[in-house]
Amino acid sequence: MSKDREQAQALFDKWVRKLRVYPAWDVRLEWVEDPDWRKTGDIKIDCDDKKAVLLLNGANPKQENLEEVIVHELFHLKLYPLDQTTESLIENCFAEGSAAQNFAMTQFFTTLEQTVEELAKCFLLEFGENRELSFGRCKSKKSFNELFEGLKNLE
């Protein structure tokens, strides 16, 4: 195992305890070596068995701070009951495929990601070994000026 992977495993072991994931859950860290995998991290969860697998991109991670990614994905596990309850509520309150259901799901998932990331940042800044936040995703985003290029002048 490479030094970087050993460090990631040590950080993973630290955070599953700090966030009180373990011993209630059995969680392990795995690496994805597929160069086409577009995410830096993900988590697969089996609630019935209380098991989860945290996946990290070993081929081409987009984020610079893997500790931040680990904490982020573990917060998805911590919030999973709320995630599933909210998703179920949306699915049962709106007609399948309706504009209302699509809107509610988009808003929910956007808010969930923002909340998970904010919690991850707070914990990372307080307890992290690497407190530098990743800005890797910003590299692929358009600048403020680029977003408005080509719009008609309203004056």
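The model is predicted. The protein has 5 helices and 3 strands, which follow one another along the sequence in the pattern α-β-β-β-α-α-α-α. Its C-alpha atoms fill a box of roughly 60 × 40 × 35 Å along the principal axes. Of the 155 residues in the protein, 33% are buried.

**Helix packing**

- Helix H2 covers residues 66–78, and helix H4 covers residues 99–127.
- The axes of H2 and H4 come within 9 Å of each other and cross at roughly 125°.
- Because angles from 65 to 115 degrees count as roughly perpendicular and those over 145 as roughly antiparallel, H2 and H4 are classed as oblique to each other.
- The crossing in which H2 passes H4 is right-handed.
- Helix H3 (residues 80–93) also packs against H4 in this sense: their axes come within 10 Å and cross at roughly 165°.
- That angle makes H3 roughly antiparallel to H4.
- H3 passes H4 in a right-handed crossing.

**Salt bridges**

- A search of the whole structure finds 6 salt bridges.
- One of them joins the side chains of Glu33 and Arg5, with an N to O distance of 2.4 Å.
- Glu33 lies in the loop between strand S1 (26–32) and strand S2 (41–46), while Arg5 belongs to helix H1 (residues 3–18), so this pair ties together parts that are 28 residues apart in sequence.
- Both partners are partly exposed: Glu33 has a relative accessibility of 46%, and Arg5 has one of 23%.
- Asp42 and Lys39 form a salt bridge through their side chains, at 3.2 Å from N to O.
- Asp42 counts as partly exposed at 21% relative accessibility, and Lys39 is likewise partly exposed, with a relative accessible area of 40%.
- In the salt bridge between Asp49 and Lys51, the closest N and O atoms are 3.5 Å apart.
- Asp49 is partly exposed at 43% relative accessible area, as is Lys51 at 42%.
- Lys14, Glu67 and Glu129 are linked in a network of salt bridges.

**Nonpolar surface patch**

- Phe144, Leu147, Phe148 and Leu151 form a nonpolar patch on the surface.
- Together, these four residues have about 470 Å² of accessible area.

**Loop residues and distances across the chain**

- Lys139 is placed in the loop between H4 and H5.
- With 68% relative accessibility, Lys139 counts as exposed.
- Lys139 and Tyr22 are 117 residues apart along the chain, and their C-alpha atoms are separated by 35 Å.
- Glu64 is found in the loop between strand S3 (51–57) and helix H2.
- Glu64 counts as partly exposed, at 47% relative accessibility.

Conventions. Residues numbered from 1 in each chain as written. Predicted model: local features only at pLDDT ≥ 70, side-chain atom pairs only at ≥ 80, totals over all residues. Heavy atoms only, no water. Patch = residues over 30% accessible without salt bridge, like charges linked within 9 Å, V, L, I, M, F, W, Y side chains within 5 Å. Areas by Shrake-Rupley, 256 points an atom, 1.4 Å probe, with all protein chains shown as cover. Helix = DSSP H or I, 4+ residues; strand = E, 2+ residues; numbered from the N terminus. Buried < 20%, exposed > 50% of the residue type's maximum accessible area, 1.4 Å probe, protein only. Axes fitted to C-alpha atoms, helices over the stretch in contact; angles between N-to-C directions. Parallel < 35°, antiparallel > 145°, perpendicular 65-115°, else oblique. Left-handed = near helix turned anticlockwise from the far one by under 90°.
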